[in-house]
Amino acid sequence: MTLTELAAFNPQTSSESALRRSFYVAQQKRSTVRCGFDGEYGEFIKTCNIQLQIRCAQLTFIDRIHELVQRTNQMNFSATRYDREMLIQLIQDQSVATFF
């Protein structure tokens, strides 16, 4: 068995993560346009028309939530890695506000 065949090197992906390359291409285009933009950075960002959706976590999104928690620390302010079962418990806990 090779390294690339091990489960650790083949994380579960969502349909959104399959689009990652297109996200990188879009970011490269923004960087190129930014270099030619004559104005403040905030004004440039407004012209990009970037949309962000923040949702209450629901079990129907558990695959994507788990993927994001495993892939990034940027939005995981506790820096704790949660396994899938712990995420399910957090989502179901009415005393915890969970968003993604």
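Here is a walk through a few features of this predicted model, from a helix pair to some aromatic rings.

Let's start with two helices that touch. Two packed helices are described by the angle between their axes and the distance between the axes. Helix α1 covers residues 20-35, and it packs against α2 at an angle of about 135°, with the axes 11 Å apart. An angle over 145 degrees would count as roughly antiparallel and 65 to 115 as roughly perpendicular, so α1 and α2 are oblique to each other. Their crossing is right-handed.

Who does the touching? On the α1 side look for Arg30, Val33 and Arg34, which meet Tyr41, Phe44 and Cys48 in α2. Sort the residues of this contact by type and you get 4 nonpolar, no polar and 2 charged.

Two of those names come back when you look at rings: Tyr41 and Phe44 are linked with Phe37 into a cluster by ring pairs.

In total, the structure holds 3 aromatic pairs. One of them is Phe61 with Phe100: the ring centres are 5.1 Å apart and the planes sit at 45°, so this pair is tilted. It joins distant parts of the chain, since Phe61 is in the loop between α2 (41-48) and α3 (62-71), while Phe100 is in the segment after α4 (84-92), 39 residues apart.

Finally, go back to the loop between α2 and α3 and find Asn49. Its phi is near 55°, a positive value in a residue other than glycine. Asn49 counts as exposed, because its relative accessibility is 60%.

Key:
Residues numbered from 1 in each chain as written. Predicted model: local features only at pLDDT ≥ 70, side-chain atom pairs only at ≥ 80, totals over all residues. Heavy atoms only, no water. Phe/Tyr/Trp six-rings, centres within 6.5 Å; stacked < 30°, edge-to-face > 60°. Helix = DSSP H or I, 4+ residues; strand = E, 2+ residues; numbered from the N terminus. Buried < 20%, exposed > 50% of the residue type's maximum accessible area, 1.4 Å probe, protein only. Axes fitted to C-alpha atoms, helices over the stretch in contact; angles between N-to-C directions. Parallel < 35°, antiparallel > 145°, perpendicular 65-115°, else oblique. Left-handed = near helix turned anticlockwise from the far one by under 90°. Contact = heavy atoms within 4.5 Å. Nonpolar A, V, L, I, M, F, W, Y, C, P; charged D, E, K, R; others polar.
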